[in-house]
Amino acid sequence: MVCVGMNAGFEVLVINLATCIVATALVLLSWRYRPGMWAADLGLPPRDVAAGAVVALLIVAVVTGGAVATGLVVARSFGLLGAGVAGWATMVFFGLWDFVVIDLFFFIHLRPSWFYVEGMEGTSVPIYEWRHHAKESLPSLLFGLPVGAIAAGVAALVG
């Protein structure tokens, strides 16, 4: 059941965490079982493009779904503008999560042996430097705008 007021903030946090955990599972599983799909992100010739497109669409769907869910929760207390801001904030939250949890913790700190694509040792991209990953996380600020508009639009249709 959707709550209003103080509980809405907790509900939004839970939705954002659930969204990030599901998206992280998709990223990590794809790295584990189909690492070639990440070759282009490492500055290598693209490989396994079809699988990469499927995973990318799944991640976009998960994050957009989380943004719409938070938009619906927030719209009940703060209207459509609040829904749009909440949708944008979900995208930014995921961008930060991606940088801190996936990039800094898993990719840079833990460095599992399966975080490897053949040929990445010769790439010019500084794979194990945090600055590279921080730069890659910045587009969530802009990509969050259309996602916020989608969240507000769905809230307008439902509400």
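At what angle do helix α2 and helix α3 pack, and how far apart are their axes? In this predicted model, helix α2 spans residues 49-110 and helix α3 spans residues 130-137. The two pack at an angle of about 155°. Their axes lie 9 Å apart. Angles over 145 degrees count as roughly antiparallel, and α2 and α3 are therefore roughly antiparallel to each other. Their crossing is right-handed.

Residues from both helices make this contact. Helix α2 contributes G95, D98, F99, D103, L104, F107 and I108. Helix α3 contributes W130, H133, A134 and S137. By class, the contact holds six nonpolar, three polar and two charged residues.

Helix α4 covers residues 139-158, and A151 lies within it. Is A151 buried or exposed? Its relative accessible area is 0%. Buried means under 20%, so A151 is buried. Neighbours within four places in sequence aside, A151 is in contact with A67, V68, G71, A83 and G87. The C-alpha atoms of A151 and A69 are separated by 7.6 Å. Along the chain, A151 and A69 are 82 residues apart.

I150 is also found in helix α4. Its relative accessibility is 42%, and I150 therefore counts as partly exposed. Which residues does I150 touch, not counting those up to four places away in sequence? They are T64 and V68. V68 is also in contact with A151.

Technical notes. Residues are numbered from 1 along each chain as its sequence is written. This is a predicted model: local features need pLDDT of at least 70, side-chain atom pairs count only at pLDDT 80 or more; totals for chains, interfaces and linings use all residues. Side-chain values use heavy atoms; hydrogens and water are left out. Axes are lines fitted to C-alpha atoms, for helices over the stretch in contact, and angles run from 0 to 180 degrees between N-to-C directions. Helices (H or I, at least four residues) and strands (E, at least two) are DSSP runs, numbered from the N terminus. Angles under 35 degrees count as roughly parallel, over 145 as roughly antiparallel, 65 to 115 as roughly perpendicular and the rest as oblique. A crossing is left-handed if the near helix is turned anticlockwise from the far one by less than a right angle, and right-handed if clockwise. Contact means heavy atoms within 4.5 Å. Ala, Val, Leu, Ile, Met, Phe, Trp, Tyr, Cys and Pro count as nonpolar, Asp, Glu, Lys and Arg as charged, and the others, Gly among them, as polar. Buried means under 20% relative accessible area, exposed over 50%, partly exposed in between (1.4 Å probe, protein chains only).
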